[in-house]
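Let's walk through the charged pairs in this structure together.

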Amino acid sequence: VVSTQSTGWRALEEVRHKATEDGKLTELKLQTLESKLTVLTTLQDRLDKLQLAHEAGSLEDKKLKDEISKLLPQLKELDQKYRDKVRSLEVSLSDMREEREGETTKTTNAIRKHTEDIQMMKDKLSHDVTSLHHKLSDLESSVEVMIRRVVLEVLSTVTHNSPETRFFGDWLRANFLDKERFDREVIKNETVSLPSQDQLVQIVISELHTKHAINLHPSSGLTTTDIRMIVSEALQTFDEDKTGRADFALEALGGNVISIGCTETYYEAAPYVTFMSVPLYRHPNPPNVALQSDITPGRCWAFKGSKGYLMIKLAHAVHIDGFSMEHLPRKLSVNNDISSAPSKFSVRGISHPEDANSHSFGEFRYSDTGSSLQHFSVTHPSNVAYEIVELEIESNHGNPDYTCLYRIRVHGKVPKLS
């Protein structure tokens, strides 16, 4: 740089000298050359400063390198410590994870075992409840069957070991009027005198004492309360059923319609189901209404045409000795018309629903000029106790569209207890 400056000044002097000699250099050109020389001088100064800075920077770089050389071992030591700490933490974390997984597995197994124990207890409890329910149902069924059997035996006057039971059925029939006899007495305007319930109780007690030498006493198992209950239940049965005989087809006692065969229920005569006084659809009465005690207008099983069929399971297997068919009284029917009442019908006994060997009890005819409740004794008795009967209705009293069966009763005697 110094050499370049010296060369520049020499060149300038030479130019000045040459210009002086030649006399051709103007003052303007001289100023320009001086300006350029000033710039060169400034550049020289900056170069000098850069040189100094470079020398100082080299010194700083050396110091920095020395510092780095000193810190590098410390950094390596810290890095090793960090790595060791990380490895230690990883080992601890792995141990904690394994311990937690072990605890989780242990807890899961305990919960699963507890759940299984609860399920086993639940299953056992459900089984015990089901077993108790079945036992209770069986017990209720057994008690119900026993009660029904005793009631049916009393009302059908089956011989029983108890003399008061055997006596009561006969006495009751001898002292009460059936519906037909009662209607005849009323029509003839004859006075019918019936004892009150208290009088009946006293009569029963007197009859037991005088005719059967039975005295009421708690030790004998028969008290006035027992007699009063028997009389009350018997009167209720007579009042509700009108015949004074047990109806083994009665739905309330366990009777049920098993089949109606090919018979079609008549819908056109069925009442409408309404909603807010708007008729929606017709709802016909089911066949089982013919086994119920409610005899009100329209409360019957209506089927198409004049031929119908019912297979009835009785409440108990009995030696059948008669039937009762009831229709709506003429005075309660519209225009005194009972042409829909059954006319000719027959009854058969079978051992099971698929039994092809049936026993015919006879063919009968319900009169449209007789009482609304008519009784029919069997034409062909049987020594077999039947639990299922078939009712075959063959005609009605002239209605071309449908037939109405209000009620059919089946009477008989329960087989003797062995």
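In this predicted model, Glu264 is partly exposed, with a relative accessible area of 47%. Its partner in a salt bridge is Lys304, with 3.4 Å from N to O. Lys304 belongs to strand β4 (residues 301–304), while Glu264 sits in the loop between β1 (256–259) and β2 (272–275), so this pair ties together parts that are 40 residues apart in sequence. Lys304 is partly exposed as well, at a relative accessible area of 39%.

Why might such side chains pair up at all? Side chains of opposite charge can do so when their charged atoms come close.

Now have a look at Glu326 and Arg409, whose side chains also meet in a salt bridge, at 3.0 Å from N to O. This pair links distant parts of the chain: Glu326 is in strand β5 (residues 308–326) and Arg409 is in strand β11 (residues 407–413), 83 residues apart. Is Glu326 buried or exposed? Glu326 has a relative accessibility of 3%, so it counts as buried. Arg409 is buried too, with a relative accessible area of 0%.

Glu77 and Lys81 form a salt bridge through their side chains, with 3.7 Å from N to O. Both residues lie in helix α2 (residues 27–155), four residues apart, which is about one turn of the helix. Glu77 is partly exposed, with a relative accessible area of 45%.

| Salt bridge | N to O distance |
|---|---|
| Glu77 and Lys81 | 3.7 Å |
| Lys304 and Glu264 | 3.4 Å |
| Glu326 and Arg409 | 3.0 Å |

How many salt bridges does a search of the whole structure find? The search finds 13, and the pairs in the table are among them.

Finally, a word on confidence. The protein chain has a mean pLDDT of 76, and 65% of its residues reach 70 or more. Confidence is highest in strand β6 (residues 344–350), at 97, and lowest in helix α4 (residues 179–187), at a mean of 46. Residues 157–167 have pLDDT below 50, and this stretch has 20 contacts in the model beyond near neighbours in sequence. Residues 176–180 are also below 50, with 16 contacts of that kind. Where pLDDT is low, the predicted coordinates should not be read in detail.

Notes: Residues are numbered from 1 along each chain as its sequence is written. This is a predicted model: local features need pLDDT of at least 70, side-chain atom pairs count only at pLDDT 80 or more; totals for chains, interfaces and linings use all residues. Side-chain values use heavy atoms; hydrogens and water are left out. A salt bridge is a side-chain nitrogen of Lys or Arg within 4 Å of a carboxyl oxygen of Asp or Glu. Helices (H or I, at least four residues) and strands (E, at least two) are DSSP runs, numbered from the N terminus. Buried means under 20% relative accessible area, exposed over 50%, partly exposed in between (1.4 Å probe, protein chains only). pLDDT is the predictor's confidence in each residue, from 0 to 100. Contact means heavy atoms within 4.5 Å.
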